[in-house]
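Please open the structure in a viewer and keep the selection tool at hand.

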Amino acid sequence: MTDLSDLAWTRSRHFRSAPIATTTVDATRWIGLTSALAAGRVTLLSLWAEAGGAALMALLDAPAHRVAVVRIEAHGGGFPSVGAHHAAAQRLERAMTDLYGLTPRGAIDTRPWLDHGRWGIAHPLGDAAAVPSDRPPYPFLPVQGESLHVVPVGPVHAGIIEPGHFRFTAQGETVVRLEERLGYVHKGIDGLMAGAELARGAEIAGRISGDSTVAYAWAFAQAAEAALSLTVPERAFGLRGLMAELERLANHLGDIGGICNDAAFAMMLAQTSILRETVLRAAKTAFGHRFMRDRIVPGGVSGDLDAQGEAAIRSLIQEIRDRFPAIVDLYDATASILDRTVSTGRVSADLVQAFGAGGYVGRASGRNFDTRRDLRYAPYDMLRLDVPVRVEGDVNARIWLRIREVEQCCSLITQMLNALSQGPVFADPGFPGAPREGLGLVEGFRGDVLCWLALDAEGRIRRCHMRDPSWFQWPLLEAAIEGNIIADFPLCNKSFNCSYSGHDL
Amino acid sequence: MELIENIVLQALQMLVVLTLAPGLTGLVRKIKARLTRRRGASVLQPYRDLARLMRKEVVLAENASWLFRVSPYMIFAATWVAAALVPTFAIGLHFSWTADLIAIVALLGSARFFIALAGMDVGTSFGGIGSSREMMIGTLAEPAMLLVAFSVALVAGSTELSNVVAFMASGDVGIRVSMGMALIALTIVAIAENARIPVDNPATHLELTMVHEAMVLEYSGRHLAMIELAASLKLLLYVALIGCVFVPWGIAPANAGLDGLIAGLLLFLAKLVALGFLLAVFETSIAKMRVFRVPDFLGVALMLGLLGTLLLFVSRSL
């Protein structure tokens, strides 16, 4: 069994306040870590490439509350495939190949992922070779059997949602296999980040996935502050926490209604939409922007909270506490909606564990992990936080998890408001003076958002890797729908509510 | 002279159903919007939509056959004729002696046949899914509807709706268990046939969950207008059917004067509003059921229809 103790493990207190130490390993050691991942001894946090030709991997040792970053030089443009043994890494590896041209040796799935053959170049962030535009069509996984038929859906959908292609193979109404194809909203985030100033990087980070702009900006700020060993004023942490919880509230409320609406129960959506709108308006009053975009910057926050804003948040929490229980009762007392959600779209605890799926997807299937508690960061280290966990892993469990988290949000926001200290909210990040690397990990509403940031001596971004929680949730959606009927897919999909934009980068 | 009067009245009936049908759809949508605390579009919106669709050009798939182009008109024609046969404000109209309740079922069945074929014609996967689900619903809804027709016919002694309504309004009926069963069965059939919640969701954008909408996804312009209008007519037909058989009061009898006709028309409007309101409330308070639960739901209608019919036989032989 591979010895894991000599890796540079760090607990959250350390990696959040100081540059992250990276362990450089050789191929043998890398393969050993791969088998440790496959055996479930550690969890994969992310896998990414560097322009110079190196692969990096962030590992989580959840029981010990510590993380490690491992690096392997890609000699000859290749490195031993992680995905060959650990399925969670497959899509990340395919994206690395598409963007940086690194080859995972021994990989099972070598099809492109983000590259749809429309860029005109291959490996834009690697050797950037021009390629002819007439590539053969994307080979979907073959399906064989009697009376199977294929139902392709998307990438353009009838509703106002992001683009993604879903290919169902069905036998009658029963789904035999779902294959996803993503990458339609690739924006070239990694390329935009490279060489950008820190402030510009924060702006880009906040635009990677619009519904998680606070979480992204915070993860980026955390990574930058760790790289710069910057001390952020106490009050800024409190304000960041408030914003993150408001974002979580708005998204969870929207999702609870949205899932029910996909089963044609419009009443829930109507009620939760009103509450969601109230949250967004309170955010506008308190922080000057409905989605609180560009409010979190490396060094603190860009604007302070005044008394009027605080009052708006307090009255918002009161309103939610008054009205939310009736909405929950409506859900819980309507047999027809429960009939749709209970036992639909089950994800097994083993899969969730293997993929290290965060957020409500993981916690609804028994993975008791929350960055706010297990890899603590301010202001959550001073607050009382109960992490709800369920074991059923169905749509109903994911709804209930959101309901419980909405209640947690209200409690956290009240605690934060009461504990909010006075003082400055911003400290100038300054310049690193030497190349530095930092790691940020924030619990967004979907799960843990990771940011690994490498700065050069002038403080410009050498490489910024942001990993959306959806990377480890999208593959589980394929598993969740198996054996269900096609008509239940929207319900499963909405209960996952994965990000397209955050995933396609 | 009498013939001309009859033809005028029948024409009036056809015009009434045609003009009121989009209004009923708009009304149900409006009430649903108000129930979910939205302002909602105007009740007149379906008329505007139809006018817009009529002006728009038709986009046809390259492999669309003549069937695809003909179907909207067939569907519309069959549904319109069927709707014209159901007494709305008056009975004893010219057409009602030529076709009975079973003919109405057959006309709607033909419309379904064409829409299901059209759904599969272009070869998209959604159309196929929609057609297959529609036929599954149809194979259960049609027998249930026929059993309801038999129950009603056994009570009233006729399958002709004018006779049925005249008998129901006469007060000789009393309260019968069979009629209660028939009412529930007919309501279930009406919900399924009109693609309402909990069987189908007329407002959804989720292609994978659609039944009726999935079949007509490829339609545009005046073709879509025909289909939409036919769908509205079908809703009106079922509402009018429930109204005339189970709440027959106020329908103008044959040879009624002008004031009788006007009173019949006003009462018909009142019935439409009341039943439309009930439909909206029901749809708002329930979620859509799984596709494979629909047979259970329609099975209830089938069993109730059968029980109602059997009960009538049993009670008659005693």
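Begin by selecting domain 1 and domain 2 of chain A, whose C-alpha centres lie 24 Å apart. The domain assignment of chain A places domain 1 at 10-105 and domain 2 at 189-504; such bounds come from an automatic or database domain assignment. This is a predicted model, in which local features need pLDDT of at least 70 and side-chain atom pairs count only at pLDDT 80 or more, while totals for chains, interfaces and linings use all residues. Residues are numbered from 1 along each chain as its sequence is written, and chains are lettered from A and ligands numbered from 1 in the order in which they are written.

Next, display the contact between the two domains, to which domain 1 of chain A gives 26 residues and domain 2 of chain A gives 27 residues. Two residues are in contact if their C-beta atoms, placed from the backbone, lie within 7 Å. On the side of domain 1 of chain A that touches domain 2 of chain A, the elements giving two or more residues are helix 1 (12-15), strand 3 (43-50), strand 4 (54-61), strand 5 (66-73) and helix 3 (90-100) of chain A. Helices (H or I, at least four residues) and strands (E, at least two) are DSSP runs, numbered from the N terminus. Select strand 3 of chain A, which supplies the largest share of this side, six residues. By class, this side of domain 1 of chain A has 16 nonpolar, seven polar and three charged residues. Here Ala, Val, Leu, Ile, Met, Phe, Trp, Tyr, Cys and Pro count as nonpolar, Asp, Glu, Lys and Arg as charged, and the others, Gly among them, as polar.

**Two helix pairs in chain A**

Now select residues 198-205 and 213-227 of chain A, which are helix 5 and helix 6; these helices pack at an angle of about 150 degrees, with their axes 8 Å apart. Axes are lines fitted to C-alpha atoms, for helices over the stretch in contact, and angles run from 0 to 180 degrees between N-to-C directions. Helix 5 and helix 6 of chain A are therefore roughly antiparallel to each other (angles over 145 degrees count as roughly antiparallel, and those under 35 as roughly parallel). Leu198(A), Gly201(A), Ala202(A) and Ala205(A) in helix 5 meet residues of helix 6 including Tyr216(A) and Phe220(A). The residues of this contact between helix 5 and helix 6 of chain A divide into eight nonpolar, one polar and no charged.

Move on to helix 14 (residues 395-419) and helix 16 (residues 489-496) of chain A, which pack at an angle of about 30 degrees, with axes 10 Å apart. Helix 14 and helix 16 of chain A are therefore roughly parallel to each other. Show Val395(A), Arg398(A) and Ile399(A) in helix 14, which meet Leu491(A), Cys492(A) and Ser495(A) in helix 16. By class, the contact of helix 14 with helix 16 of chain A has four nonpolar, one polar and one charged residue.

**Chain B and its partner**

Finally, select chain B, which has 11 helices and zero strands. The C-alpha atoms of chain B fill a box of roughly 60 × 45 × 45 Å, taken along the principal axes. Colour the contact between the chains, which takes 22 residues from chain B and 26 residues from chain A. The side of chain B that touches chain A has 10 nonpolar, seven polar and five charged residues.

Conventions:
Angles under 35 degrees count as roughly parallel, over 145 as roughly antiparallel, 65 to 115 as roughly perpendicular and the rest as oblique.
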